[in-house]
Amino acid sequence: GLEIHSNTFGWLGYPAIRIYGGGSWGPLTDVVIRNNIFVDSGIDIETDDPGTIDSDYNLYFRTDDEQTTSAQPWRNEGVHSRVDTDPLFSDYRRHEAWDFRLLPTSPAIDGGDPSLASMVTLPDGFYDLDGRSRPSGEGYDLGAYEAQ
């Protein structure tokens, strides 16, 4: 069981999440990837037996059209994920500014999985990076920050 949720991944130069399995390792089981934002980054899952990998309610955006592989969703991404959607951060400029707080018009606000608490193990007192309680508003926000 692997749970990856409520993160913001900025440009890393390679996929933010890399998972390898299958073959002699056996199938991947109970992998949940939800409510994340990937900017100039993405997911790389290499397995000959994907088992139970549940990836949905994520947002992917490329700021540089020349990047072809590092901002890609996983090939079996769920139907609620958004691809090529600007998350509208307060101030993100690759290599210059890394403020991943969401602007009031961000499509990531309330865009998370409404059943997140039943999909993953949330800690008592689920907070964002600024210490704000989650969710706030109508639903969970995608990424590491919850808009207030």
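Buried, in this talk, means under 20% relative accessible area; exposed means over 50%, and partly exposed is in between, with a 1.4 Å probe and protein chains only. Take F9: at a relative accessible area of 17%, F9 is buried.

Now the ground rules. This is a predicted model, where local features need pLDDT of at least 70, side-chain atom pairs count only at pLDDT 80 or more, and totals for chains, interfaces and linings use all residues. Residues are numbered from 1 along each chain as its sequence is written, and side-chain values use heavy atoms, with hydrogens and water left out.

Aromatics next. A pair of aromatic rings is described by the distance of the centres and the angle of the planes. Rings of Phe, Tyr and Trp (its six-membered ring) pair if their centres lie within 6.5 Å; planes under 30 degrees apart are stacked, over 60 edge-to-face, and the rest tilted. That rule gives eight aromatic pairs. One of them is F9 with F38, and it is stacked: 5.1 Å centre to centre, with 15° between the planes. What does that pair tie together? F9 is in strand 2 (residues 8-9) and F38 in strand 5 (residues 37-39), so the link joins parts that are 29 residues apart in sequence. For the record, strands (E, at least two residues) and helices (H or I, at least four) are DSSP runs, numbered from the N terminus. F38 is buried too, with a relative accessible area of 0%.

The next pair is F126 and Y140. Their ring centres are 6.2 Å apart and their planes sit at 55°, so this pair is tilted. Both residues lie in the segment after helix 1 (116-119), so the pair ties together parts 14 residues apart in sequence. F126 is buried at 11% relative accessible area. Y140 is buried, also with 11%. There is a cluster as well: F89, Y92, W98 and F100 form one aromatic cluster.

Stay in that segment for R134. R134 lies after helix 1. Is R134 buried or exposed? Buried, with a relative accessible area of 7%. The R134 side chain makes a polar contact of 3.1 Å with the side chain of E146. A polar contact is a pair of N or O atoms within 3.5 Å; within protein, one must be able to donate a hydrogen and the other to accept it, and residues adjacent in sequence count only if both atoms are side-chain atoms. Leaving out residues up to four places away in sequence, R134 touches residues including S6, F126, Y140 and E146. Contact here means heavy atoms within 4.5 Å.

Now backbone geometry. Most residues other than glycine have a negative phi, and most peptide bonds are trans. R134 and P135 are joined by a cis peptide bond, with omega about -10°. N35 has a positive phi, near 60°. N35 sits in the loop between strand 4 (31-34) and strand 5, and it is buried at 0% relative accessible area. D84 also has a positive phi, near 60°. D84 is in the loop between strand 9 (82-83) and strand 10 (89-93). At 55% relative accessibility, D84 is exposed.

Three strands form an open sheet, order 1-4-7, with parallel pairing. Strand 1 (2-5) and strand 7 (53-56) are the edges, each pairing on one side only. Two strands pair if DSSP finds at least two bridges between them. How many bridges join strand 1 to strand 4? Four, and these strands run parallel. E3 stands opposite V32 in strand 4.
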